[in-house]
Amino acid sequence: MTTTTVFLLLAEFGTGHIPLEKCCHHFGMKPEEANRRAARQSLLVPVFRLGSQKSPWLVAADELAKYIDEQRLEATKQWRKLHGAL
């Protein structure tokens, strides 16, 4: 499923394969921590490398968009619960 969020990420980063160091703030991490977790595949989204093991970690725009959309949905549910909205 393609969402507006995917298109916004594509516009922001100019690619469907986003360097982890440029989007790790979405996970509340600095690049160093994100890279350590990437090596263990313990981030909240899958990451991959193209080329050698020295290539930068990448995040697919659709995976990052899915994560962002899930976080937004959860926040909306919490907001509605606190404000008595349906």
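This is a predicted model: local features need pLDDT of at least 70, side-chain atom pairs count only at pLDDT 80 or more; totals for chains, interfaces and linings use all residues.
Colleague: Which residues of α1 are called buried, and what puts them on the same side of the helix?

Modeller: In α1, residues 4-13, they are Thr-5, Val-6, Leu-9 and Phe-13. These residues cover an arc of only 105° around the axis, so they lie on the same side of α1. An α-helix has 3.6 residues a turn, so residues three or four places apart point the same way. The face turned away from the buried side carries exposed Thr-4, Phe-7, Leu-8 and Ala-11.

Colleague: Nice! What do the buried residues of α1 pack against?

Modeller: Their partners are β1 (17-19), α2 (20-23) and α4 (61-83).

Colleague: Which members of the largest nonpolar core touch the most others?

Modeller: Of its 20 residues, those are Ile-18, Leu-20, Cys-23, Phe-27, Val-59 and Leu-64. At least two core residues come from each of α1, α2, α3 (31-39) and α4, and α4 gives the most, with four.

Colleague: Why is Cys-23 called buried?

Modeller: Buried means under 20% relative accessible area. Cys-23 has 0%, so it is buried. Cys-24, with 3%, is therefore buried as well.

Colleague: And how do you know that Cys-24 is too far from Cys-23 for a bond?

Modeller: A disulfide needs the two sulfur atoms within 2.5 Å. The sulfur of Cys-24 is 6.7 Å from that of Cys-23, its closest cysteine sulfur, so the pair is too far apart for a bond. The structure holds zero disulfides.

Technical notes:
Residues are numbered from 1 along each chain as its sequence is written. Side-chain values use heavy atoms; hydrogens and water are left out. Buried means under 20% relative accessible area, exposed over 50%, partly exposed in between (1.4 Å probe, protein chains only). The arc is that of the directions from the helix axis to the C-beta atoms. Contact means heavy atoms within 4.5 Å. A nonpolar core is a set of buried Ala, Val, Leu, Ile, Met, Phe, Trp, Tyr and Cys residues joined through side-chain atoms within 4.5 Å.
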